[in-house]
Amino acid sequence: MGFIVKNTTFINPIDLIAPHTCRGCGRIGCPLCDCCKNNILLAHRNICPNCKSENLAGVCQKCASLPPIYMVSDRESLVGALIHDYKYSSLRALAFPLAELADAVLPNIVGKVAVVPLPTISRHIRERGFDHTLLIAKHLARFHRDWEVQSILERAGDTVQVGTSESVRRTQAKKAYKTKLNWIANPSMTYLLIDDVWTTGASMKAAQKLLTKAGATKTAMLVLAVSRINN
Ligand SMILES: [Zn+2]
Ligand SMILES: [Zn+2]
């Protein structure tokens with residue numbers, strides 16, 4: 001598969017005073033250099049996130065009842081480390097290269113597209129100082145595609161989905177989200193759900209079902225990193 005990545009890494013003026021180093025190779029100047037970005041895309045291969053089988057199309061035949069799932073990389077890779085730094089070290093500048101990588105793996109989607117970020121727990125937004133999924137969604141929609149961002153999902157509670165079993169995650173995910181009051185689905189719109197990490201996919205699948213139930217007819221999913229193991 002061939003990817004073209006434009007040389008558009010954003011350099012914040014603050015970085016000139018306290019420069020970032022590339023998380024991949026240590027080069028000074030930006031949090032992910034163009035060379036490491038290209039290497040991520042050259043190593044890109046799809047697995048079916050749902051059952052983890054090697055699959056070029058993103059979703060295997062067995063899981064074809066799901067809408068398209070686009071992914072950047074494995075969680076056990078540089079992308080997983082980037083997401084970790086982005087979230088847990090509040091390295092906000094990584095939103096730019098992560099959005100570029102997401103753009104590179106997405107196809108052209110005909111018609112109107114709304115990027116729908118999976119909502120982050122409000123406590124985490126306060127701790128990090130920003131909503132990590134929303135920021136990538138905005139960069140992707142505004143700088144790379146002529147799309148809009150619709151934050152139409154809300155958390156119904158503040159349950160953290162880390163380290164619990166697959167069946168527990170599935171049960172939690174069903175109750176985790178709700179659509180915003182008065183939201184009406186546009187049947188001509190493709191709703192592209194976005195999240196950082198896919199483990200069992202319970203959150204994404206629950207969110208997608210919620211949108212479909214509320215009248216969305218076209219949905220797709222985008223995830224930055226897929227865990228090869230279900231925990
Ligand atoms: Zn590098
Ligand atoms: Zn599958």
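Author: Q150 sits in the loop between β3 (148-149) and β4 (153-155). The model is a predicted one. With a relative accessible area of 16%, Q150 falls under the 20% limit and therefore counts as buried. Its side chain makes a polar contact of 2.9 Å with the side chain of E148. Leaving aside residues up to four places away in sequence, Q150 touches A114, V115, V116 and P117, and also W183, M189 and Y191.

The zinc site is the other part to describe. Four cysteines supply the protein donors of the zinc ion (ligand 2): the SG atoms of C48, C51, C60 and C63, lying 2.3 Å from the ion. Along the chain, these donors follow the spacing C-x2-C-x8-C-x2-C. The pair C48 and C63 links distant parts of the chain, 15 residues apart, with both C48 and C63 in the loop between α2 (34-42) and β1 (69-74).

As for geometry, the 4 donor atoms subtend angles of 102 to 116 degrees around the zinc ion (ligand 2), so the arrangement is tetrahedral.

C48 has 0% relative accessibility and so counts as buried. C63 is buried as well, its relative accessible area being 6%.

Definitions and conventions
Residues are numbered from 1 along each chain as its sequence is written. Chains are lettered from A and ligands numbered from 1 in the order in which they are written. This is a predicted model: local features need pLDDT of at least 70, side-chain atom pairs count only at pLDDT 80 or more; totals for chains, interfaces and linings use all residues. Side-chain values use heavy atoms; hydrogens and water are left out. Donors are N, O and S atoms within 2.8 Å of the metal (3.2 Å for Na, K and Ca); water is not among the atoms, so sites may look incomplete. Four donors count as tetrahedral if all angles lie between 85 and 135 degrees; four count as square planar and six as octahedral if opposite donors are over 155 degrees apart and all others between 65 and 115; anything else is irregular. Helices (H or I, at least four residues) and strands (E, at least two) are DSSP runs, numbered from the N terminus. Buried means under 20% relative accessible area, exposed over 50%, partly exposed in between (1.4 Å probe, protein chains only). A polar contact is a pair of N or O atoms within 3.5 Å; within protein, one must be able to donate a hydrogen and the other to accept it, and residues adjacent in sequence count only if both atoms are side-chain atoms. Contact means heavy atoms within 4.5 Å.
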